[in-house]
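Q: I have a new model open and want to learn how to read its features. Where do we start?

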Amino acid sequence: RRAYKGSHRPGSLKPPIAAALLRLAHGDRIIDPLCGSGTIAIEAALRGKTVIAGDHDLDAVIAARHNALEAVVNLPVIRADARRLPLESASQHSVISNLPWGRQIVLNEALSAFYRAVISEMQRVATDRIVVLTAFPELLPVDDQIEQREISLFGQTPSIVVFHNR
């Protein structure tokens, strides 16, 4: 448990899972473009990383900002669409994110199309690794996968998928 986790969102990760995802990333500049309540980004900031958190949902942005204040970390939280990030190409070492599972977050398009667009944008901004948690690893449009590890989480078995960005 972390004292900073005052604001929760649907699909919010537990800090130990966020910390595990961070261990698989490389570099000091990290973005979580689907930050929800900010757990991954805050855990990264607590480890001295330069982090940007983003989400298209205003309530998520507010929750992440609140949690960042509680954690006493410098964390810019921006409102942005993960399919069109307001960042320079190759500006982040790694992207780490808990992708929507299509249950708690309602999307106006097919989940597979959303995954393709988000992964494409992650590949544009990252120079090294992309680390994602997903219930649907088969929807990820990646060929250069380093590893895939199934975990048990909230009675489900999502996968952590790590791949190089070339």
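A: Start with how far apart in sequence the contacts reach. This is a predicted model. Among contacts in the protein between residues at least 6 apart in sequence, 67% join residues at least 24 apart.

Q: How much of the protein is buried?
A: Buried residues make up 52% of the 166 residues. Buried here means under 20% relative accessible area.

Q: What does the secondary structure come to?
A: The protein has four helices and seven strands. From the N terminus on, the elements run α-β-α-β-α-β-β-α-β-β-β.

Q: In what order do the strands lie in the sheet?
A: The order is β3-β2-β1-β4-β5-β7-β6. Seven strands form this open sheet, and the pairing is mixed. From one strand to the next, the twist averages 15 degrees.

Q: Which strands stand at the edges?
A: They are β3 (77-79) and β6 (145-150). Each has a single partner strand, so one side of each is left without a neighbour in the sheet.

Q: How do I read the pairing around β1?
A: Take its partners in turn. Four bridges join β1 to β2, and these strands run parallel. Two bridges join β1 (residues 29-32) to β4 (residues 92-98), also a parallel pair.

Q: Which residues stand opposite each other there?
A: I30 stands opposite V51 in β2. In β4, the bridge partner of I30 is S94. I31 stands opposite V95 in β4.

Q: What should I know about side chains along a strand?
A: In a regular strand the side chains alternate between the two faces of the sheet.

Q: Which unit do β1, α2 and β2 make?
A: Follow the chain from strand to helix to strand. Together β1, α2 and β2 make a right-handed β-α-β unit.

Q: Where do α1 and α3 lie on the sheet?
A: Look for the strands each helix touches. Helix α1 lies across β1, β4, β5 (126-134) and β7 (159-164). It runs at about 145 degrees to β5. Helix α3 (residues 58-71) packs on the sheet and touches β2 (50-55) and β3. The direction of α3 makes about 170 degrees with that of β3.

Q: How are two packed helices described?
A: Two values do it: the angle between their axes and the distance between the axes. Now the case here. The axes of α1 (residues 15-23) and α2 (residues 39-46) come within 9 Å and cross at roughly 65 degrees. The crossing of α1 past α2 is right-handed.

Q: Which residues make that contact?
A: From α1, they are P15, A18, L21 and L22. From α2, they are T39, I40, E43 and A44. By class, the contact has six nonpolar, one polar and one charged residues.

Q: How many residues of α2 are buried?
A: Seven of its eight residues are buried, and α2 is mostly covered. The buried ones are T39, I40, A41, I42, E43, A44 and A45.

Q: What covers the buried residues of α2?
A: The cover includes α1, β1, β2, α3 and β4.

Notes:
Residues numbered from 1 in each chain as written. Predicted model: local features only at pLDDT ≥ 70, side-chain atom pairs only at ≥ 80, totals over all residues. Heavy atoms only, no water. Axes fitted to C-alpha atoms, helices over the stretch in contact; angles between N-to-C directions. Left-handed = near helix turned anticlockwise from the far one by under 90°. Contact = heavy atoms within 4.5 Å. Nonpolar A, V, L, I, M, F, W, Y, C, P; charged D, E, K, R; others polar. Pairing = 2+ DSSP bridges. Right-handed = clockwise from strand over helix to strand, strands pointing away. Buried < 20%, exposed > 50% of the residue type's maximum accessible area, 1.4 Å probe, protein only.
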